[in-house]
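Here is a short report for a reader meeting this structure for the first time. Please look over the sequence and the model before reading on.

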Amino acid sequence: MTVLIDIIKIVFIISSILTTVVVLVWLERRISAFMQDRIGPNRVGPFGLLQTSADVVKLLMKEDIVPKNAFKAIHDLAPIISIGVAFSTFAVIPFGNTIELFGEQVQLMIADVNVGILYILAITSLGVYGLTLAGWSSNNKYSLLGGLRSSAQMISYEISMGLSIIGVLMIAGTLRLDQIVLRQASYIGGWLPAWNIFLQPVAFVTFVVAAFAETNRLPFDLPEAEPELVGGYHTEYSGLKFGLFFLAEYANMITSSAIITTLFFGGWHFPYIDSVSISPFLLSLLQVGTFCAKVTLVLVFFIVIRWTLPRFRYDQLMNLGWKVMLPLALANVLATGFVILLTQ
Amino acid sequence: MASSRQIIRKKDLGFWEKIYIPEILRGLRITLSHIFKKKSTYQYPDERFKPPPSFRGRPVLVEEHGTERCVACGLCSRVCPALAIEVQASETELEKERYPVKFEINMVRCIFCGFCEEVCPEEAIIMSQEYELVFNNQEEAVFGKDKLLIPAEQLHERLEFLRQYR
């Protein structure tokens, strides 16, 4: 029975990620168009919503080109690593509180791992292999440069990402993501939700910056920087394999938005709902909806930032990572420790 | 020369600029405000661009009282930098005495410079506001008198513009 439930949850999560990616690509194109005083895709389907589906069909029809001296096996493997990593991170993210279905307690997360955050950090660090191997196996200087940049960038930013999470963990006292969310479902002074964004603003900033760098989004999209590196690591990819990279990029965006929501915006916590009497089942649905709404807002923030800030230069990126973000995250850990020591 | 040019670069950022986050918010305010602004896109086949009278579309011959103004002097043909215009003159009983038997503009060659219009002593060839020119082959692109002649009433905007500014 539990296996069946798990399978249902996995299918639900993967299909909802895929659907979200389709809508997200459309949303990104529409928002970017509106920010540039254009209209954007609005012909295929209502408001152009089916534009992405049409593009997917086009990508599937395209020829798969592999460069002459490329390492074929690794060239094929790289997008699979990317997409696998992008999807498997979502396994430990709670998208709702426990729900009672057909007399059974169902926890709304796929895997209840007791080191949830460590799992996320470990899996997202694997993502760099996809990009680096793609860049290396393509036998193309631009791809190689993109791959090198991505490995340097990801390693630098993973450190500040991990350190900024430590502050959150010190407050929560646990690595379980569902416990971290539950910990945030209280109030400071009786009215302000105890979300970690209010308790750990510095950690929030450093984590969001690191998340941008980890997902290769502008202003940190150096691995694919179109004006300098043609397409970066995916220069030599076409057809379905390019589609996989594209899908992985957006799936990563969704995953990191979900992580940001879970760690800093109280996950599925709907503020002030506990003062209203509501049936438990409806409440659970509402919490899932809240989670989705929060993730959507973070995603929109991702998109809006992309079309607002210019790309960093490589040395600026490294300076920011090592000279600003790392000390900031360290100082945050120290300050949090002091405060916890004093208040206990 | 190049060395004497001075590049002024503002290096000393203020404290709030160095913190970067207020500046990001400022940038976000600008980009977000554009979301609600009027869009400059024309949804082309449904919604067409109406050019101003100063627009140089395809050259046309002005038709007045059922006949063309052109007296077949051939100046347009001489001035045309792309050699797109071909005129053959003949005599007529009308007051103007000469008229073009054949007047052809090769629209593949035309570069829309408007020299023909400028040089014309009779204001007989002018640039219209039409810009949708599609052909399937080279022969179709040679516009004869049948396609070039347009009644003056339809061209009054451009004629008015020429009267004012030429």
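## A sheet in chain B

In this predicted model, Glu91(B) stands opposite Arg98(B), a residue of E4(B). The strands here are E3(B) and E4(B), the latter covering residues 98-106 of chain B. They pair in the antiparallel sense, over 7 bridges. Strands of a sheet pair through backbone hydrogen bonds, and the pairing can be parallel or antiparallel.

The sheet is open and has 3 strands. Its order in chain B is E3-E4-E6, with antiparallel pairing. Strand E3 (85-91) and strand E6 (142-143) of chain B stand at the edges. Each has a single partner strand, so one side of each has no neighbour in the sheet.

## Chain A as a whole

Chain A holds 12 helices and 4 strands. Its C-alpha trace spans about 60 × 50 × 45 Å along the principal axes. The radius of gyration of chain A is 21 Å. That agrees with a compact globule, because a globule of 344 residues would have a value near 20 Å.

How many of the 344 residues of chain A count as buried? The share is 43%. Contacts in chain A also reach along the sequence: among those between residues at least 6 apart, 76% join residues at least 24 apart.

## Where the chains meet

Chain B brings 11 residues to the contact, and chain A brings 9 residues. On the side of chain B that touches chain A, 4 residues are nonpolar, 5 are polar and 2 are charged.

Notes: Residues are numbered from 1 along each chain as its sequence is written. Chains are lettered from A and ligands numbered from 1 in the order in which they are written. This is a predicted model: local features need pLDDT of at least 70, side-chain atom pairs count only at pLDDT 80 or more; totals for chains, interfaces and linings use all residues. Helices (H or I, at least four residues) and strands (E, at least two) are DSSP runs, numbered from the N terminus. The radius of gyration is taken over C-alpha atoms; the globule rule is 2.2 Å times the number of residues to the power 0.38. A residue is buried if 20 or more other C-beta atoms lie within 10 Å of its own, exposed if 12 or fewer, and partly exposed in between; C-beta atoms are placed from the backbone. Two residues are in contact if their C-beta atoms, placed from the backbone, lie within 7 Å. Two strands pair if DSSP finds at least two bridges between them. Ala, Val, Leu, Ile, Met, Phe, Trp, Tyr, Cys and Pro count as nonpolar, Asp, Glu, Lys and Arg as charged, and the others, Gly among them, as polar.
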